[in-house]
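Open the model in your viewer and keep the selection tool at hand. The stops below each say what to select and what is there.

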Amino acid sequence: MKTVSSLLDAEWHERYKRISRLNIRSSIYDVTNRCNLRCKGCFFFSSGEDKAAAEETDIRKWEAFIDREKERGVNLAILIGGEPTLCMDRVEAFYKRLPSFCATNGLIKLDRDRFPDLMVGISLWGDEEDEKLLRGKDAFAISSKNYAGDPNAYYLYTITPRQLGKTGRIIRKIRDAGLKVHMQLLSNDEGVDGFSWRPDELAAIRDEMDDALDRYPETVISSKYYHEIITTGRMLDRTFGWRECPSVTEPLDTRDPRPRRLIHFIRWASDLQTMHRCCTSETRDCSTCKDGAAHMSWVMVNKRAHIRTAKDLRNWIEIYEMFAKLYQFIPW
Ligand code: SF4
Ligand code: SF4
């Protein structure tokens with residue numbers, strides 16, 4: 001029988017042991033329904049999730065809710081929206097109670113005296129031209145000034161088909177700002193012309209992502225297995241989609257048979273009562289879903305399937321480590 005020990009040498013076994021101890025229990029929170037941008041293709045607004053619930057404005061109710069989430073076993077609060085930095089008091093309520101991560105467009109700088117080590121993931125949607133087209137402004141020009149050299153911030157670079165051949169330049173800009181980058185792919189929820197992926201483009205971007213990791217290993221937080229999974233939607237002999245997705249809100253998960261999934265995962269709306277279907281768009285056709293975190297989690301919850309060959313298990317470890325770095329469970 002194949003076992004972890006029989007497949008790994010001493011160094012990989014150490015790496016395996018380090019992540020096995022983590023026991024990550026994440027949930028996602030819409031901190032607000034508002035944003036200071038309106039990006040074309042934003043899953044939150046395009047799916048109407050901004051209208052699903054009225055925002056709770058009483059900070060004491062947020063604090064009590066977060067305490068309950070902690071009691072529920074959550075040890076990673078992923079703050080999204082909308083734009084969380086529009087509500088710093090809510091961000092602070094999470095930060096003081098739970099290990100937290102804040103997704104932001106980076107236009108408003110988090111005060112590092114108030115949030116010294118809060119991990120910040122700054123969204124980036126391409127080069128200057130694409131950001132202006134999709135987001136209405138060159139957000140990078142502002143966010144890179146706000147966070148230059150910050151050791152607890154990285155870019156979450158959503159790659160579009162129009163970025164083919166251009167990713168190297170962007171990654172160098174990020175490196176030169178003293179920051180790191182993690183890549184994912186646009187799902188094009190609003191069907192913007194020219195921004196849906198064709199199979200040949202997915203194959204080409206996989207090569208480009210692999211090349212970026214080889215050339216800028218200090219800047220790019222990624223793994224080649226992740227690139228394979230995200231561009232093919234395939235893991236071992238399985239296809240990603242609704243039947244396999246691990247990131248469905250647990251109390252709403254009526255799938256039978258139930259796949260391996262994130263334990264106790266919930267995505268909460270900003271009224272602190274309503275739950276959304278999953279970690280991303282409520283209305284997205286799962287067969288088109290390119291959500292990076294959902295694909296990473298898909299691998300992570302399927303450890304047993306990777307205890308097959310040494311290569312498969314090392315691939316699993318690399319993706320787990322990548323996730324753990326992105327959410328500050330282990331250092332860069
Ligand atoms: S910055 Fe984020 S939340 Fe705001 S519109 Fe763009 S994608 Fe949506
Ligand atoms: S849209 Fe993506 S993350 Fe949401 S349930 Fe479907 S596959 Fe999962």
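Select ligand 2 and the shell around it, which divides into 8 nonpolar, 4 polar and 2 charged residues. In this count Ala, Val, Leu, Ile, Met, Phe, Trp, Tyr, Cys and Pro are nonpolar, Asp, Glu, Lys and Arg are charged, and the others, Gly among them, are polar. The shell has 14 residues, and the closest are Cys245, Cys278, Cys286, Cys289 and Ala294. A residue belongs to such a shell if its C-beta atom, placed from the backbone, lies within 6 Å of the molecule.

A note on the model and its labels comes next. This is a predicted model, in which local features need pLDDT of at least 70 and side-chain atom pairs count only at pLDDT 80 or more, while totals for chains, interfaces and linings use all residues. Residues are numbered from 1 along each chain as its sequence is written, and chains are lettered from A and ligands numbered from 1 in the order in which they are written.

Now select ligand 1. Around ligand 1 are Cys35, Leu37, Arg38, Cys39, Cys42, Phe44, Phe45, Gly81, Gly82, Glu83, Asn105 and Ser123. This shell divides into 6 nonpolar, 4 polar and 2 charged residues.

Stay with Gly82 from that shell. Gly82 sits in the loop between β2 (76–80) and α5 (88–97). The peptide bond leading from Gly81 to Gly82 is cis, with omega near 10°. Pro257 lies in the loop between β8 (238–239) and β9.

Go to Thr32, in the loop between β1 (26–30) and α3 (43–46). Is Thr32 buried or exposed? Thr32 counts as buried, with 22 C-beta neighbours inside 10 Å. The cut-offs are 20 or more other C-beta atoms within 10 Å for buried, 12 or fewer for exposed, and anything in between for partly exposed, with C-beta atoms placed from the backbone. Leaving aside neighbours within four places in sequence, Thr32 is in contact with Glu55, Gly81, Gly82, Glu83, Pro84, Leu86, Cys87 and Ser270. Contact here is a distance within 7 Å between C-beta atoms placed from the backbone. For a distance across the model, pick Thr32 and Asp176: their C-alpha atoms are separated by 32 Å, and they are 144 residues apart along the chain.

Next comes the loop between β9 (267–268) and β10 (275–276), where Asp271 is found. Asp271 is partly exposed, with 14 other C-beta atoms within 10 Å. Asp271 touches Ala53, Ala54, Glu55 and Glu56, not counting residues up to four places away in sequence. Asp271 and Ala52 are 219 residues apart in sequence, yet 9.0 Å apart in space, C-alpha to C-alpha. Leu272 lies in the loop between β9 and β10. Although Leu272 is not a glycine, its phi is positive, about 70°. Leu272 counts as partly exposed, with 19 C-beta neighbours inside 10 Å.

Move to helix α13, residues 310–326. Its 17 residues reach 24 Å from first C-alpha to last, close to the 24 Å expected at 1.5 Å a residue, where the expected span is 1.5 Å times one less than the number of residues. Helices (H or I, at least four residues) and strands (E, at least two) are DSSP runs, numbered from the N terminus. Buried in α13 are Leu313, Asn315, Trp316, Ile317, Ile319, Tyr320, Met322, Phe323 and Leu326. They pack against α1 (4–7), α2 (10–20), β6 (180–185), α10 (224–232), α11 (292–300) and α12 (303–306). After α13 comes Gln328, with a positive phi near 65°. Gln328 counts as partly exposed, with 16 C-beta neighbours inside 10 Å.

Which residues touch the most other members of the largest nonpolar core? Of its 87 residues, they are Leu79, Tyr155, Val181 and Ile319. The largest share of this core, 8 residues, comes from α13. Such a core is a set of buried Ala, Val, Leu, Ile, Met, Phe, Trp, Tyr and Cys residues joined through C-beta atoms within 7 Å.

Finally, zoom out. The protein chain has 13 helices and 10 strands. Of its 332 residues, 44% count as buried. Along its principal axes the C-alpha trace spans about 55 × 45 × 40 Å.

Note on methods: Two residues are in contact if their C-beta atoms, placed from the backbone, lie within 7 Å.
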